[in-house]
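This report describes a structure with attention to its contacts, its helices and selected residues. The sequence and coordinates are shown first.

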Protein chains: 2
Amino acid sequence: MKNADAVAALAALAQENRLDVFRLLVQAGPDGMAAGVVATALKLAPNTLTFHFDRLRDAGLVTVRRDGRSMIYAARFEAMNSLLGFLTENCCQGAVETCAPVTCKPVRKKREKEPAP
Amino acid sequence: MKNADAVAALAALAQENRLDVFRLLVQAGPDGMAAGVVATALKLAPNTLTFHFDRLRDAGLVTVRRDGRSMIYAARFEAMNSLLGFLTENCCQGAVETCAPVTCKPVRKKREKEPAP
DNA sequence: CATATATTTCAATGATTATTGAAATAACTC
DNA sequence: GAGTTATTTCAATAATCATTGAAATATATG
């Protein structure tokens, strides 16, 4: 990932409504959600929402497909994960402990025990 | 982490120079780097750099301490990791495969990948 | 104290961005 | 085709942001 792509993605996410939209799509998963459903869930005007979807799409963070009258938007997980990887790249010059690993957290909690030092 | 905090952090990172600064500090690790060293490395005017450091600091992404004449800036890894966690929260309703885990990558040799698919 | 170094503050300027309201397009149903 | 639903386009307005140059502050050294 290039710096400019990361800036574009971050800028797309750096807005309250768009961050809400994106996180909703992340939670919805690969099947996505209709624009109208998102508009209702987040109480956004449809034209405002289109504006924000466009930004997310230009940044490569979402895809769209038509289904009848509805437009279905979905998060691009590959892009999200590239972005996260870009931010943590070469962190701490290898001292991974300082820079704790981040994983995609499923809904249910699952913890593994660490042996005490 | 609250939505507003995440927006602040993302906005701080959504700027070419600041993203460069932050990534440099992430790579530098917890000891941080002097402002002047960052300025030289990234070829930024000192006042411009101060402006950007302020944004990063307001967003909680870096800390600063004085050492003689120098100001030493360091990334706040805790904040970075909260942000990454916030973005991936409840992703895919638990279908972790779709939403590949991201880990903090230690330093290793650069590798060009992807021969045309 | 005088001078050099490191960084910050301040004011001005140009550039980008989000929201709105009204109108347009696209698809479905009768 | 008329009417309805879902979404997009367009133009205008208001708000925020990055960079610059000049001057100020803080620390170190002779």
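## Surface near DNA strand D

In this predicted model, DNA strand D is surrounded by 21 residues, the closest being A:Gly36, A:Pro46, A:Asn47, A:Thr50 and B:Gly68. Several elements each supply at least two residues of this surface: α3 (35-42), α4 and β3 (70-75) of chain A, together with α4 of chain B. By residue class, the surface near DNA strand D consists of 9 nonpolar, 9 polar and 3 charged residues.

Two of the residues listed as closest to DNA strand D, A:Gly36 and A:Pro46, are separated by 10 residues in sequence, and their C-alpha atoms lie 7.4 Å apart. A:Pro46 belongs to helix α4 of chain A. A:Pro46 is exposed, because 11 other C-beta atoms lie within 10 Å and the exposed class extends to 12 or fewer.

## Surface near DNA strand C

DNA strand C is likewise surrounded by 21 residues, and the closest are A:Gly68, B:Gly36, B:Pro46, B:Asn47 and B:Thr50. Here the elements that each supply at least two residues are α4 (46-58) of chain A and, from chain B, α3 (35-42), α4 (46-58) and β3 (70-75). The residues of the surface near DNA strand C divide into 9 nonpolar, 9 polar and 3 charged.

Chain A contains 5 helices and 3 strands. Read from the N terminus, its elements follow the order α-α-β-α-α-β-β-α. Chain A has 117 residues, of which 32% count as buried.

Helix packing can be summarised by two quantities, the angle between the axes and the distance between them. For helix α2 (residues 16-28) of chain A and α4(A), the axes come within 10 Å and cross at roughly 70°. That angle makes α2(A) roughly perpendicular to α4(A), because the perpendicular class covers 65 to 115 degrees. The crossing of α2(A) and α4(A) is right-handed.

Helix α1 (residues 3-13) of chain A includes A:Ala11. A:Ala11 has 18 C-beta neighbours inside 10 Å and therefore counts as partly exposed. The C-alpha atoms of A:Ala11 and A:Arg55 are 8.8 Å apart, although 44 residues separate the two in sequence.

Helix α2 (residues 16-28) of chain B has 13 residues and should span 18 Å at 1.5 Å a residue; its end C-alpha atoms are 18 Å apart, which agrees. The buried residues of α2(B) are B:Arg18, B:Leu19, B:Val21, B:Phe22, B:Arg23, B:Leu25, B:Val26 and B:Ala28. In an α-helix there are 3.6 residues a turn, so residues three or four places apart point the same way. After α2(B) comes B:Gly29, with a positive phi near 85°.

The crossing in which α3(B) passes α4(B) is right-handed.

## Loop residues and positive phi angles

The loop between α3 and α4 of chain A holds A:Lys43. Its phi is near 55°, a positive value in a residue other than glycine. A:Lys43 is exposed, because 8 other C-beta atoms lie within 10 Å.

In chain B, B:Lys43 is found in the loop between α3 and α4. With 8 C-beta neighbours inside 10 Å, B:Lys43 counts as exposed. B:Lys43 and B:Glu78 are 35 residues apart along the chain, and their C-alpha atoms are separated by 28 Å.

A positive phi of about 55° is also found at B:Asn90, which is not a glycine. B:Asn90 lies in the segment after α5 (77-88) of chain B. With 16 other C-beta atoms within 10 Å, B:Asn90 is partly exposed.

Key:
Residues numbered from 1 in each chain as written. Chains lettered and ligands numbered in written order. Predicted model: local features only at pLDDT ≥ 70, side-chain atom pairs only at ≥ 80, totals over all residues. Helix = DSSP H or I, 4+ residues; strand = E, 2+ residues; numbered from the N terminus. Expected span 1.5 Å × (residues − 1). Buried ≥ 20, exposed ≤ 12 C-beta atoms within 10 Å, placed from the backbone. Near = placed C-beta within 6 Å. Nonpolar A, V, L, I, M, F, W, Y, C, P; charged D, E, K, R; others polar. Left-handed = near helix turned anticlockwise from the far one by under 90°. Axes fitted to C-alpha atoms, helices over the stretch in contact; angles between N-to-C directions. Parallel < 35°, antiparallel > 145°, perpendicular 65-115°, else oblique.
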